[in-house]
Every structure is written in structure tokens, then in C-alpha cells.
Amino acid sequence: MTPHWDPPSRLPLLPPVEVALARPVQAFPDPAGRRLAYEPKFDGHRVLIFRTEDDVLLQARSGRIVTTAFPDLRDAAERLPAGTVLDGEVVVWTGGRTDFAAVQKRAAATRARAARLARQLPASYAAFDLLAAGDQDLRPLAYERRRARLVALLEPYGPPLQPVPMTTDPELAATWYDTLPGIGVEGLVIKSLGQPYRAGRHWWKLRHSETREAVVIGVVGPRHHPRSLALVLPGDDDPVVSTPLSPAVRAQISAALRGLPAAPEPTAAGPAPTAKDMVGTEISYRPVTPELTVEVRQDSTARHAATTVVRLRGPE
């Protein structure tokens, strides 16, 4: 079967591309002689944008192609020069705040629903890196040089494609850290100005709280009395299974689930979807519409990472 696009060999990057990640820290890192850059951490859906000679492709963090879920961003990216590859976060703004539940609803949409949701919940793209331009792979360049080229590239276009704010001033970064939670920004991503772009956890992320929001996409166990939840966390489209729910949280979730349909859209019969639990075991879950948001705490040990549901934040 002929693929729907046939990119020229001169394009330096094609999906899937493994993304750079950040490791959590509890305080502003010591520069230790390095020059650091500070960016607001938007809790959205991590997406790479590829502008080929005659098409646009959107890749999620996992490597999946998610172009059909974001037709508004695809149309906006058609204006970019061929060979452009951006890394950034898709966010949806509602009531002056970023809305992770809304962006997850966008990400979960089928082609049939995507156009309607694009009108109801228009997406913005907060670009924080430029990985390629024309026929050049920019990943070996220092972040400082990639950032300058990113800003110059996007300046003529404007929303919905925008560079994420950045500062090298630690005092301004501290002000951002203190004030931006009011619009749903939960912390900072910190990078060395001299760093190349590399897969793996080479950046830092500083959050306000040990808790964060997650969207419920499924239940483990009986639908109206689940043992655990399948969740999607900001910036990561690979679902995870929570630890067993406490009795109080289970009661909250059970009550909320009674008003939701079982799945976002009818799907063909097939194996149940799966997500990984804290030890990496694949667990089957029953899908539900991505309408419920919960607050979770993530705890890591030397061997495992556990996601515990703290409370229900309520339907959007």
C-alpha cells in the first residue's frame, strides 16, 4: 500500500523521534558554572510537529501519530517552511487557565469528532524547541542557538504557534514560579543554555506541589466500584494504572462514573486496552470518556514509581 506521503530523503528528521525529558527537583538547581534557562511548565499534551514538503505530521511523546486529533494545529503548521520540526506542548485555555482535561479530550478524539472539538476547544501550541530547519538537524546545537532560531522562525506567525516564554534571570524565574500557578502553570522547566537536544532526562522540572492533575480514561475492576484507575498524566500519552483506591476516593469515583458513558466512541470488538501499573505489568482496563479529572501524587522508590489518587476534582 502506498503511504499517504513520501518525504524527500533530504529532510533531516522524520517520526518517530525520541524526545528529551526532565527529571524532578525539589529546589532551583545550582548553576555550578552553567548558564541556565527557565521556562514555564505547561501541563498539556506533548507533541512534535513535522512540516514535510507536502504534509504536516504530529507525533505524541510515545511516538504515535496524532495528526487527526488536532486539525487546527495541522492547518496552522502548514504555514511553516518544509523541514521544520518543533517540540512543544499542546494546551487548551478555558476561563483564562490551562485545562488539561480539555486537551486530553482533544487528544482522545476520533477523526469524526476532532473538527467539532477543535471549534469548541481550540488548541494552542507552546513550542519550546526547534529540532530541525530545512535540511539541517539542529539537535547537536546548544539550546541557546536553537532557542534563538525558534523565536525568529515563529515570530511572523503568532497564535496558535508560539514560543514558550523563557528567561535567564533567576529572579524573574522565581517570580514566575510564585505567580503563574494562577493560570494553571504548575512550575518551571530548567535547561542549560549550552545543552544539545538529547533523548533522556537531561532537563530539570520544579513543581509547586507533589500533586498534579490526571485525566481518568478507564477503570480496573467493576465499572461502578473500581479497584484502580487508568490515568493519563500531563505531557505523557502513555496511560498508567493507579495504586488501589482508598474507600473514600472509590466512593467519589463510583458516584461520578454513574453519569458517564462507558467509552468515548463506539469501537470495533477487540482486546481490552491496557496500561502499566507501578511495577510495569500490563493491566486491562474498561475505557470511560475522559471527563473526570483527579489529583494524584507520584512517589518513586529505587525500583518503582507509584501513582496514587488523592481526590476527585470533578467532571469538566
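A residue is called buried under 20% relative accessible area, exposed over 50%, and partly exposed in between. In this predicted model, F28 has a relative accessible area of 33%. F28 is therefore partly exposed. Y177 has a relative accessibility of 15%, so this residue counts as buried.

These two residues belong to the aromatic contacts of the chain. A pair of aromatic rings is described by the distance of the centres and the angle of the planes. Five aromatic pairs were counted in the model. One of them joins F28 and Y177. Their ring centres are 5.8 Å apart, with 75° between the planes. The arrangement is edge-to-face. This pair links distant parts of the chain. F28 lies in the loop between β1 (20-25) and β2 (36-40), whereas Y177 lies in helix α5 (residues 170-179). The two residues are 149 residues apart. F28 and Y177 also form one aromatic cluster together with Y38.

A further pair is formed by F128 and W203. The centres of these rings are 5.9 Å apart and the planes meet at 90°, so this pair is edge-to-face. F128 is in strand β7 (residues 123-133), and W203 is in strand β11 (residues 200-207). The pair therefore ties together parts of the chain that are 75 residues apart in sequence. Both F128 and W203 are buried.

Key: Residues numbered from 1 in each chain as written. Predicted model: local features only at pLDDT ≥ 70, side-chain atom pairs only at ≥ 80, totals over all residues. Heavy atoms only, no water. Phe/Tyr/Trp six-rings, centres within 6.5 Å; stacked < 30°, edge-to-face > 60°. Helix = DSSP H or I, 4+ residues; strand = E, 2+ residues; numbered from the N terminus. Buried < 20%, exposed > 50% of the residue type's maximum accessible area, 1.4 Å probe, protein only.
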